[in-house]
Amino acid sequence: MRKISAALALVGLTSVGLVGCTVEAAPAPCVEGDSDALASLVTVEGGTVAEPRVDVYTPFHVDEVLVDHLTDGDGPELSTDSQLLVMDYAFYAGDSGELFATTAYDGDLSNVFSMENIVSALPGLSEALLCAQAGSRVVVGLPADGINPDYAAQAGLAEDESMLAVVDVRKVYLPQAEGELRYNSSLGMPTVVRAPDGRPGVIIPDATAPEDLVVQTLIEGDGDVVEPGDTVRVQYTGLTWAEREVFDTTWDASPAALSLDQVVPGFAAALEGQTVGSQVLAVIPPDQGYGDQASGSIPAGSTLVFVIDILGVDEAS
């Protein structure tokens, strides 16, 4: 049995901070694969917390993506190709039925994958995972045209070879803030509007910036509470009050992983105690931002304005 490491098999699939491609977070249709046809070719046994026991009728060949949800979870759903997730997986070569890549199945929830990168390497798999919820076990038959040729060559698959994937979706990060809208007085404060994919637009008023930190919860989520020192996955847009210009945004890339121990004090204070799913407006005075030092395109003494969507909290490794 040939078996390559997960790191080698999925090189490029793991999310890395702000690196990524522009992807619109538009809902996509769920794949309604022929689960009966797949079940006639594959037997999967064992609990979802351990590596599955799989028997494959070989040669395993499919002409379209086939999907069978062996277990349906009840957690957040993968609804866009720009989300992050934690998963365990086992990949099998179609011609031989041999396992060629697997994760450790050791309960570690700290390895976060990007759907964007799965789209790049295994477009058929990303298609099949849409609509899967956290806690699901999904069996997927991938035709050759659902596998990136570079990935197929790396995995040792023939040009026209299919593959089988068993994926356990452990955790799903939200695509954008989701929760209850909250009323805040907008007098003298920035106004936030949202595109359908959640991307915020910010209008800063012609007014004097506040001298103290101001935090407003615009959308209140019902997820985990953000604690001091946590590493959070967020989408954010940052502007300077005086210039009214965006100096940084994650909406053109992957969500950012930010440790609250490593951001400016006002940013950390704005997120601590908030809940996953929330959208927060933070106006950060210079003494809780970059002070009298310039930072990149941010002038010294700037009041910062951030709109932050809290998508999830990373597990410690």
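**Close-up views of a predicted model**

**View 1. Salt bridge between Arg 170 and Asp 88.** Arg 170 pairs with Asp 88 in a salt bridge whose closest N and O atoms are 2.9 Å apart, a salt bridge being a side-chain nitrogen of Lys or Arg within 4 Å of a carboxyl oxygen of Asp or Glu. This is a predicted model, in which local features need pLDDT of at least 70 and side-chain atom pairs count only at pLDDT 80 or more, while totals for chains, interfaces and linings use all residues. Residues are numbered from 1 along each chain as its sequence is written, and side-chain values use heavy atoms, with hydrogens and water left out. The two partners belong to distant parts of the chain, 82 residues apart, with Arg 170 in strand β8 and Asp 88 in strand β4; helices (H or I, at least four residues) and strands (E, at least two) are DSSP runs numbered from the N terminus. Arg 170 counts as partly exposed at 24% relative accessibility, whereas Asp 88, at 8%, counts as buried, where buried means under 20% relative accessible area, exposed over 50%, and partly exposed in between (1.4 Å probe, protein chains only).

View 2. Asp 252 sits in the loop between β14 and β15 (256-259) and Arg 199 in the loop between β10 (191-194) and β11 (200-203), 53 residues apart. Asp 252 is partly exposed, with a relative accessible area of 38%, and Arg 199 is partly exposed at 25%. Asp 206 lies in the loop between β11 and β12 (214-220) and Arg 244 in the loop between β13 and β14, so the pair ties together parts that are 38 residues apart in sequence. Asp 206 is exposed, with a relative accessible area of 77%, while Arg 244 is partly exposed at 37%; phi of Arg 244 is near 60 degrees, a positive value in a residue other than glycine.

**View 3. The largest nonpolar core and a second, separate core.** A nonpolar core is a set of buried Ala, Val, Leu, Ile, Met, Phe, Trp, Tyr and Cys residues joined through side-chain atoms within 4.5 Å. The largest has 34 residues, of which Phe 91, Phe 100, Leu 122, Leu 125 and Met 163 touch the most other members. Two or more residues come from each of β4 (84-93), β5, α3 (115-121), α4 (123-129), β7 (137-142), α5 (149-155) and β8 (163-172).

**View 4. Backbone features at Pro 59 and Cys 131.** Thr 58 and Pro 59 are joined by a cis peptide bond, with omega about 0 degrees, and Pro 59 is located in the loop between β2 (53-56) and β3 (66-71). Cys 131, in the loop between α4 and β7, has a positive phi near 85 degrees although Cys 131 is a residue other than glycine.
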